[in-house]
Structure formats: C-alpha cells, structure tokens
Amino acid sequence: MLALANVGIVACSSSTEQNGWHKQEKFAAQCQRLANRAVWWQFLRKHQIEFDSRRFDDDIKKLDGSNKERDPPASSYALSLVNPIIVKLLSTEYGGSVQSIVQVLAKYAETFGLQRDNVIELYIEYLLTPPPKDAAADTRLNLSGIELSVRSLLPLVQPILRRASTLRRVVVALERDEDSSRDYDRHSLVLSLYREVLHQVMEVHPIVQKLDPVLFEAELEAVDRRRDALAILSSVFEGER
C-alpha cells in the first residue's frame, strides 16, 4: 500500500505537459494522504494492535459499501485506537519519555484529523487510571512518576478550563470504579491536581470570572471534603491496601 502511494506521488511530482500528470494535484494529495496513513498501519501491525484500515476513511466506507448506519465516523474510530497506542508506546523505548510519546501522538492526530488536545487528554486520563489488579510492571503503579508526567502534560491542554474538565472526568471515573476504591494515594493525587487546576481557572480564566463563583467554591469544598475523608481512610486502613 505504501509503495503504491509513493508511485503516485513520484509520478505527479515529476509530471510534465507531455505525460499528462501535471494537473493531478488532487490525485497527488490523495496519494500523500494514503502514504501517511500506510505508515501508521505498519506501526499498528508491528505493535500487534488490531485495526480495520477501511474504518479510517468515511469516503472509502461509502464507496465500498462497508459503511453501516450505526458505524461511528472515521475520526471516532481513529480516536478509539489512541489508548492501545499509548499502552504500546509505554512498553517500548518511548516509555521513559513523555515528550517522545506526545510527539508520536501529535503526529497520529495530524494524520487522521484529530485534535491534538484530545489525544493528550486521553494520555493524561490513561496515566491516572488504576492498572489491573494483577499488573506487576505497569507504569501507572509508580505514582510519583505519574505525577511528574501528568504535571508536564497538563499545560499542553488548552484552554485551562479544558484541563479541569479532563481531571474531573478522572475523578468521576475513579469514584465509580469499585476495584480502585482503596487506591487512596491515586485518589488523593487526582483530587490534588484537580483542586490546583480549579484554583488556576478561577484566577485567570475570563469567562469563569463572569460566572457565579459560588459554583466553583462549592466544587472546591466538595474536593476538600473528599481529600479529608481520604486522609482518614488512608490512616485507618494503612497496611491493608
């Protein structure tokens, strides 16, 4: 697939009036897009991530009749593979470098028309999510390392209000996850990060400054109550986790 796309690119780039390729700008762009995507398909195969190349392109799905009415758009399908990609990157030579993983994810987002912030948000959410109980060498077990990584990632999410929304999703997900109910340190870390961002939002975001501050004060009070409860639980059940 990659070789075929490159043939089209070369043919168009070396075109002349005589060979008839000089007006094939659209074809050249399609070949370039195909080549860019083929690189990612090679990456996914190399890392044994299951995928369907047809689902990356709504136009292709319409042409070959594979488009189902209930199928999500191509962008949603591309976004659904971000977490498996993150898992593989963390287990390779990229695992020790947040910046390298961000660069890979940003390139993936660019290739498939995703927002860069969306893939970084998924990266943050994955890092803060508790690993499976039987995980022995999961990156997420190192909470001090996770905190450093997340703190370096949060400024990349813009605007700042979006950071608060990202962390709030993690807070809600943790509270709903019964398996992580005694992962007090993780809960405490997420609440601390969320609290910090809420304060930042209230201080610098012009839209928020026009809203009723009572709403944000109530949210901060709720966070503080949860943190106090966690401190008590952690001291009571220390040694049982």
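This is a chat about the predicted model of a protein chain.

User: What should I keep in mind about numbering and confidence here?
Analyst: Residues are numbered from 1 along each chain as its sequence is written, and side-chain values use heavy atoms, with hydrogens and water left out. This is a predicted model, so to speak: local features need pLDDT of at least 70, side-chain atom pairs count only at pLDDT 80 or more, and totals for chains, interfaces and linings use all residues.

User: OK, how many helices and strands are in the protein chain?
Analyst: The protein chain has 12 helices and zero strands. Those are DSSP runs numbered from the N terminus, H or I of at least four residues for helices and E of at least two for strands.

User: And what percentage of the residues count as buried?
Analyst: Of the 241 residues, 36% count as buried. Buried is under 20% relative accessible area, exposed is over 50%, and partly exposed is in between (1.4 Å probe, protein chains only).

User: Which residues touch the most other members of the largest nonpolar core?
Analyst: Phe56, Leu105, Tyr108, Tyr123 and Leu128 do, in a core of 55 residues. Helix α10 (residues 184-204) gives the largest share of this core, nine residues. A nonpolar core here is a set of buried Ala, Val, Leu, Ile, Met, Phe, Trp, Tyr and Cys residues joined through side-chain atoms within 4.5 Å.

User: What is Leu105 in contact with?
Analyst: Leaving aside neighbours within four places in sequence, Leu105 is in contact with Val82, Ile85, Ile86, Leu89, Val119 and Tyr123. Contact means heavy atoms within 4.5 Å.

User: Switching to rings: how many aromatic pairs does the structure hold?
Analyst: Seven. Rings of Phe, Tyr and Trp (its six-membered ring) pair if their centres lie within 6.5 Å; planes under 30 degrees apart are stacked, over 60 edge-to-face, and the rest tilted. One of the pairs is Trp40 and Phe43, edge-to-face at 5.2 Å centre to centre with 70° between the planes. Trp40 and Phe43 both sit in helix α2 (residues 25-46), three residues apart, about one turn of the helix.

User: Are Trp40 and Phe43 buried or exposed?
Analyst: Both are buried. Phe56 and Tyr77 also form an edge-to-face pair, 5.2 Å centre to centre and 70° between the planes. Phe56 is in the loop between α2 and α3 (58-64) and Tyr77 is in helix α4 (residues 74-80), so this pair ties together parts 21 residues apart in sequence. Phe56 and Tyr77 are both buried too.

User: Which residues do ring pairs link into a cluster?
Analyst: Trp40, Trp41, Phe43, Phe51, Phe56, Tyr77, Tyr108 and Phe112.

User: What about Glu125, where is that found?
Analyst: Glu125 is in helix α7. Its side chain makes a polar contact with the side chain of Arg169 at 2.7 Å. A polar contact is a pair of N or O atoms within 3.5 Å; within protein, one must be able to donate a hydrogen and the other to accept it, and residues adjacent in sequence count only if both atoms are side-chain atoms.

User: Which residues of α8 are buried?
Analyst: Leu143, Ile146, Ser149, Val150 and Leu153. They cover an arc of only 120° around the axis, so they are on the same side of α8. The arc is that of the directions from the helix axis to the C-beta atoms. Those buried residues pack against α6 (98-111), α7 and α10.

User: Last one: is Lys133 buried or exposed?
Analyst: Lys133 counts as exposed because its relative accessibility is 70%.
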